[in-house]
Amino acid sequence: MASTEAMSPIVEIRNVTKAYRRGGQIVPVLTDITLDIHAGEFTALMGPSGSGKSTLLNLIAGIDRPDAGELRVDGLDVTALGETELADWRASHIGFIFQFYNLMPVLTAFENVELPLMLTPLSRAERRERVELTLAMVGLTDRQEHYPSELSGGQQQRVAIARAIVSDPTLIMADEPTGDLDRVSAGDVLGFMRRLNDEVGKTIIMVTHDAQAAKMARRILHLEKGVLTNGER
Amino acid sequence: MLLKLILRNALRHQLRTTLTVVGLVVAVLAYGLLQTVIEAWYAGAQAASNARLITRNAISLVFPLPVSYEARIRGVEGVATVARSSWFVGIYQDPRKFFAQFAVSDNYLDLYPEFVLREAERQAWQRDRKGCLVGRQLADLYGFKVGDVLPLRGTIFPGTWEFVVRGIFDGSDSSKITRHMLFHWDYLNETLRKTAKPRMDQVGIYIVGIAHPESAPAIARAIDSTFRNSLAETLTETEQAFQLGFIAMSNEIIAAIRIVSYVVILIIMAVMANTMAMSARERTAEYATLKTLGFTPRYVAVLIVGESLAICAVGGALALLATPLAAELFKHFAGTYFPVFKVSTLTFWLQAACAVAVAVAAAVVPALRASRVRIVEGLRAIG
């Protein structure tokens, strides 16, 4: 991997703070986070439950907003965007992989992967070409007409990965992508994500509490009680 | 993709959707039938002519007017024709086989061009003192033919009365009610002369034909002023007002029917709202996922409203198709109570509007809620 130090970071986080209100009490989740992530990095965010790693991932993905601080992705201050602009921004810049796949049960694998492309100006034929290519990349060409309920957990997660990458987003965010998978399927999914990073140069940020999974990343960040510790690899 | 998601979501819980559709069909159908009942009630008034006035006893319709009034009414400026009519409540075979009977003067049909009678039958009727005319709907109902003897047991005018059917009149179009019978007022009067002399020479109402309908209020006032301070003061009104006055006697029943029809729609609205709320709640995480992918809150709202509209469209369409059949069945079982019982175009539109209103009202709250839920909260939701 080329040195990322010289390149400007794709994600710039400066003094970001986030707290939740629970039963009238303010519970701090992230405290004064400052972090840069460069293009092409495969970063794992580790930490115990409640450490704030998923919250940090959500902030970077633009599905939650910080209480204070700056958050820029590809030079754009995402905290300044309105709801509709943020939705448009997510559609073109973020690919999200969930722990429980979050596929639409009433849509086939093909249709699930096609979903993000519905927000693009691509023609039907162009969408079909892209979806078939992406499903081929994750090895599910023969399963494209199957509904999620007809697929194994590993296959569903591969569909979810295909959905996350089909629109060629700037960042791929994965929240415990192997948390619901057996070891073999988890290995397949992590191997594929690593190839995406190695071969295509995709920037991936993955939340995990599995040390084995984190080993697939090139950079590991540790969060504890909402604070980034210096345990960076 | 939007339509695909809407339709597949609608069919996701087939039992729930089927039961909701069945409920919608029943509710929209019931609404249509109740509306038709109300319209049937008003059918007579709607068919009323504005070229006819009705003069009756000012105290009440049950009190008659002297026959001597006829000539004086004819003398009022603007009056073209005057005909007599007396309500005759006779029982044909069984009280349930009710139909209206009127003792009328020979010129009665001149005032009702909407009832068409062949000239030969008209002459035959005029020649026969005991002759009567029956409407086509009535003739079809009981199989009356020209020449048949029609016996009636009198109630207001006691005794057994026998009439001979001399003609069958038709309506000028299908909306005209021809489920009544007409016979000679003179025959009634002559019989009363023999059996109940104090009741002779009396008329239930006068039907007044006027040449210029726009003069109706002035003519009505002129007729009533003619008989002011007499023993039998008159009340003259348009035929429509007269019919509506009849209907007003059933105002409470009509109001109750109207309320029931609205309650039926409110109930199905609650059922539909529950269905949509359950569906939307179960799919909270899916809607959050869609938003994560970049779909807007509005798209999520459209998904929910669209699903509600799809279910209501199916229910509403089935109800619209079933309504004419149900109306036929209703008419069959209602017997002679509703001579005209036809589902109007307005009722079809109202039914369709009800289905759309139910769909939108049921989806508004779940759609707003789903579109407003923050993504992170939605993703945590368990369906």
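Is the crossing of H9(B) and H12(B) left-handed or right-handed? In this predicted model, local features need pLDDT of at least 70 and side-chain atom pairs count only at pLDDT 80 or more, while totals for chains, interfaces and linings use all residues. Residues are numbered from 1 along each chain as its sequence is written, with chains lettered from A and ligands numbered from 1 in the order in which they are written.

The crossing of H9(B) and H12(B) is right-handed, that is, the near helix is turned clockwise from the far one by less than a right angle. Helix H9 (residues 251–282) and helix H12 (residues 345–372) of chain B have axes that come within 8 Å and cross at roughly 35°; axes are lines fitted to C-alpha atoms over the stretch in contact, with angles from 0 to 180 degrees between N-to-C directions. Helices are DSSP runs of H or I with at least four residues, and strands are runs of E with at least two, numbered from the N terminus. Residues of H9(B) including Ile265(B), Met269(B) and Met276(B) meet a set in H12(B) that includes Val358(B), Val365(B) and Arg369(B), contact being C-beta atoms, placed from the backbone, within 7 Å. This contact has 16 nonpolar, no polar and one charged residues, where Ala, Val, Leu, Ile, Met, Phe, Trp, Tyr, Cys and Pro count as nonpolar, Asp, Glu, Lys and Arg as charged, and the others, Gly among them, as polar.

Turning to the two chains, the contact takes 17 residues from chain A and 17 residues from chain B. On the chain A side, helix H2 (residues 83–93) gives the largest share, six residues.
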